[in-house]
Amino acid sequence: MTDAHRAPHPSMTTHQWTISLPDQPATHQLGVQLGQLLLAGSTLLLNGNLGSGKTTLVQGIGAGLGITEPIVSPTFTLISEYFEGRLPLYHLDLYRLQPPEVNELHLEVYWEAGEYPLGIVAIEWAERLPEPPPDCLQIRLTSLPNGRQADFSASGAFHQQALQQLQASFPQP
Ligand SMILES: Nc1ncnc2c1ncn2[C@@H]1O[C@H](COP(=O)(O)OP(=O)(O)O)[C@@H](O)[C@H]1O
Ligand SMILES: [Mg+2]
């Protein structure tokens with residue numbers, strides 16, 4: 001992680017983007033593109049109801065990173081770590097936890113350099129994080145009558161740049 005990444009951002013402006021995902025392969029492909037372009041130190045906060053496609057997106061990220069091991073929902077294991085791809089992938093699911101319990105897990109070890117090699121942290125039910133990292137890419141998935149919608153919101157220069165790259169990797173309407 002560079003100093004620029006850690007420095008406070010004067011205005012903490014956010015960059016936003018929305019994409020519609022008509023079917024399951026669209027969600028998976030969005031993940032693949034994220035897995036191909038994200039840099040080490042990326043933190044993705046995934047929000048959205050049960051069945052909105054969070055795990056599907058992370059499965060795509062795994063494929064984009066080159067992970068061949070099956071990525072299964074960590075609802076019961078809380079945390080799955082994959083070291084086989086271009087970068088480590090840390091897949092978390094906080095569904096079964098309450099915010100005070102989440103605090104005790106000290107999940108910041110996954111996005112602060114030191115204990116774990118920096119990689120991509122993808123957190124399902126990230127709204128259960130009492131202290132979300134200030135620099136992050138938030139992805140809200142919504143179920144629609146026809147498929148899903150993903151609303152992105154990037155905080156901090158590092159994740160804003162990632163979101164701009166993601167946007168650029170899709171054909172412009
Ligand atoms: N864009 C989409 N349109 C329709 N179905 C989708 C889409 N994305 C994912 N799905 C399907 O939704 C279901 C639930 O997805 P999942 O990723 O397990 O959700 P979550 O992790 O948010 O609970 C799966 O059957 C998946 O194939
Ligand atoms: Mg899930």
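In helix 5 of this predicted model, the residues Phe 158, His 159, Ala 162, Leu 163 and Leu 166 are buried, a residue being buried if 20 or more other C-beta atoms, placed from the backbone, lie within 10 Å of its own, exposed if 12 or fewer, and partly exposed in between. They cover an arc of only 130° around the axis, which puts them on the same side of helix 5; the arc is that of the directions from the helix axis to the C-beta atoms. An α-helix has 3.6 residues a turn, so residues three or four places apart point the same way. Helix 5 comprises the 12 residues 157-168, which at 1.5 Å a residue should span 16 Å, and this agrees with the 16 Å between its end C-alpha atoms. The expected span is 1.5 Å times one less than the number of residues.

Helices (H or I, at least four residues) and strands (E, at least two) are DSSP runs, numbered from the N terminus. Residues are numbered from 1 along each chain as its sequence is written, and chains are lettered from A and ligands numbered from 1 in the order in which they are written. Local features need pLDDT of at least 70 and side-chain atom pairs count only at pLDDT 80 or more, whereas totals for chains, interfaces and linings use all residues.

The protein has five helices and seven strands, arranged along the sequence as α-β-α-β-α-β-β-α-β-β-β-α. Two strands pair if DSSP finds at least two bridges between them. Strand 6 (residues 136-144) runs parallel to strand 2 (residues 42-47), with four bridges joining them; Asn 47 has Arg 140 of strand 6 as its bridge partner. Strand 6 also runs antiparallel to strand 7 (residues 147-155), through nine bridges. Within strand 7, Ser 153 stands opposite Gln 138. The hairpin between strands 6 and 7 passes through two residues.

Ala 126 lies in the loop between strand 5 (120-124) and strand 6. This residue counts as buried because 25 C-beta neighbours lie inside 10 Å. Leaving aside residues up to four places away in sequence, Ala 126 touches Leu 45, Leu 46, Asn 47, Leu 94 and Pro 132, contact meaning that the C-beta atoms, placed from the backbone, lie within 7 Å. The C-alpha atoms of Ala 126 and Gly 48 are 9.3 Å apart, although 78 residues separate the two along the chain.

For the protein as a whole, 40% of the 173 residues count as buried. Of the contacts between residues at least 6 apart in sequence, 69% join residues at least 24 apart.

Methods:
Two residues are in contact if their C-beta atoms, placed from the backbone, lie within 7 Å.
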